Amino acid sequence: MDEAGLIQDAQHGDLDAFNRLVLAYQDMLYNQAYRMMSDPALAEDATQDAFISAYRNLHSYRGGSFKAWLLRIVTNTCYDELRRRKRRPTTPLEPVDEDEEEIESPQWLADPGESPEEATERGELGRALQHCLEDLPDDFRAVVVLVDVQGLDYDEAAQSVGKPLGTVKSRLARARLRLRDCLQGFWELLPASFRLVEES
Amino acid sequence: MMTKLSPREWEAISAYLDGQLAPKERTRLEERMKANPSLRQALDEMRRTRMLLRSQPRMRAPRNFTLTPEMVGARRPARGSGGLFINLRLASALATILLVFVLIGDLFSGAPVSYPMQDTALTYMEQEAQRSAPPGMGGDPEVFSGEAGSAPAPEAAPLEAPAAEPNEAAPPVAQAPEPTGDMAMKAVPVEPEATAEAGEPEASVALAPPAEATPEFSDPGAATAAEDRTQMADGLLAEESPAPLRNQPPGPFGLDRSTLRLLEIVLAVLAVSTGLLAYSLRHR
């Protein structure tokens, strides 16, 4: 795929060319949105909005990493939605008990501090990790997902969040530290095969 | 038991893990880690956390997020018209910019406003001035320079031999543009005859609009004669048809007024028409 050619055509109004770029990057943008929003439906909306915004603002793309440019748009879209939700808290999707407290899903039941430790399978691991990501501040979460989940380098991550390199390094280190704390004790419960991957 | 380090140390270890430390800092940290087991443990913990994140499977998008023209609020342009739209839009923008420059040049060219009826009076007064002006004296530079049918170039005329004055009148007449043929042609044969006669030296005072009178030609006696001529000229206003703008000084870029107006109209039409075409293409 001649990305530069497609981008140029899209900037001239060729929607078909832009849609080819959408197909190439939609998995990546959806991943970013999902890790940010922790909800599949919200992640879909954010991804669609991000692509619409990207098409309308193609004139502002001046070269460089197109991937980072798209990720910046979806990250900002997620930030906006997260801020909006904090200003207007939505009705919890989880049912509430007679004390009006959310009845959480079984793995977080009763003692939130122990929830990550109860996860022992890789599927549980993913849910545990997502739970810990959700506890991070939005800007920390964005950086650690960009670097450690999406695989961007520091420069691309800085471009995606629109912050200096030093800020990215600081936020990444603090995010990893918090995740380490959140996953405490859970590491020993991982299957042996997973630990062997680490040692190899 | 989790390792307790300062935020700066955690940041150094995180950057070290990603190979983002400068060589000197990297060497320093490695030496510290050799001596401090806590740092090594912190590095291991951070490495595992990073690996856990990297081990997560990449999710596939649940559906295609391709866009439709309705989503982006525009109709699908006809195939191959994207380039035409760009060119039309560019042409419209260029025409608009050129029009603005021409208008600005026109505005600041310093030419006095002149109306066709006044031109008739000026033409008459020119004739009178030429009849009464002594040899070697030119008219008001602001009124006469470079125009068809006008007096010789005033800056050059005083420097020329008197006998040359009649001939001086002819070349400008022949060379200057004739935007509206009839009136200009009528004035041409009159000018050489007028310049052949010597007359009152201060006649040029009356030739310019009152606000434009040049000090060098001021003379109380001439003022009275000028008033008489003005009154006579007023009487002519009702009889003669409007003179063209040819008597105005040239506009910017060396163009005469009528050419300038034509250029402005052309640019305006071009800007509007290309803009409309581009708009219609875009919303077809």
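A: Happy to! A salt bridge here is a side-chain nitrogen of Lys or Arg within 4 Å of a carboxyl oxygen of Asp or Glu. In this predicted model, the count between chain A and chain B is 4 salt bridges. One of them joins the side chains of A:Arg176 and B:Asp18, at 2.9 Å from N to O.

Which elements of chain A give two or more residues to the side that touches chain B? They are helices H2 (15–37), H3 (40–56), H6 (122–135), H7 (138–149), H9 (165–182) and H10 (192–199) of chain A. The largest share, 13 residues, comes from H2(A). Sorted by class, this side of chain A has 25 nonpolar, 12 polar and 12 charged residues.

Now for the extent of the meeting place. In total, 49 residues of chain A are in contact with 42 residues of chain B. The area buried between the two chains is about 4200 Å², and carbon and sulfur atoms give 61% of that area.

Let's finish with a single residue. A:Asn31 sits in helix H2 of chain A. Beyond its neighbours within four places in sequence, A:Asn31 is in contact with A:Gln150 in its own chain and, across in chain B, with B:Pro57, B:Arg58 and B:Met59. Is A:Asn31 buried or exposed? Its relative accessible area is 1%, so A:Asn31 counts as buried, the cut-off being under 20%.

Technical notes: Residues are numbered from 1 along each chain as its sequence is written. Chains are lettered from A and ligands numbered from 1 in the order in which they are written. This is a predicted model: local features need pLDDT of at least 70, side-chain atom pairs count only at pLDDT 80 or more; totals for chains, interfaces and linings use all residues. Side-chain values use heavy atoms; hydrogens and water are left out. Contact means heavy atoms within 4.5 Å. Buried area is the accessible area (1.4 Å probe) that two parts lose on being put together, summed over both. Helices (H or I, at least four residues) and strands (E, at least two) are DSSP runs, numbered from the N terminus. Ala, Val, Leu, Ile, Met, Phe, Trp, Tyr, Cys and Pro count as nonpolar, Asp, Glu, Lys and Arg as charged, and the others, Gly among them, as polar. Buried means under 20% relative accessible area, exposed over 50%, partly exposed in between (1.4 Å probe, protein chains only).
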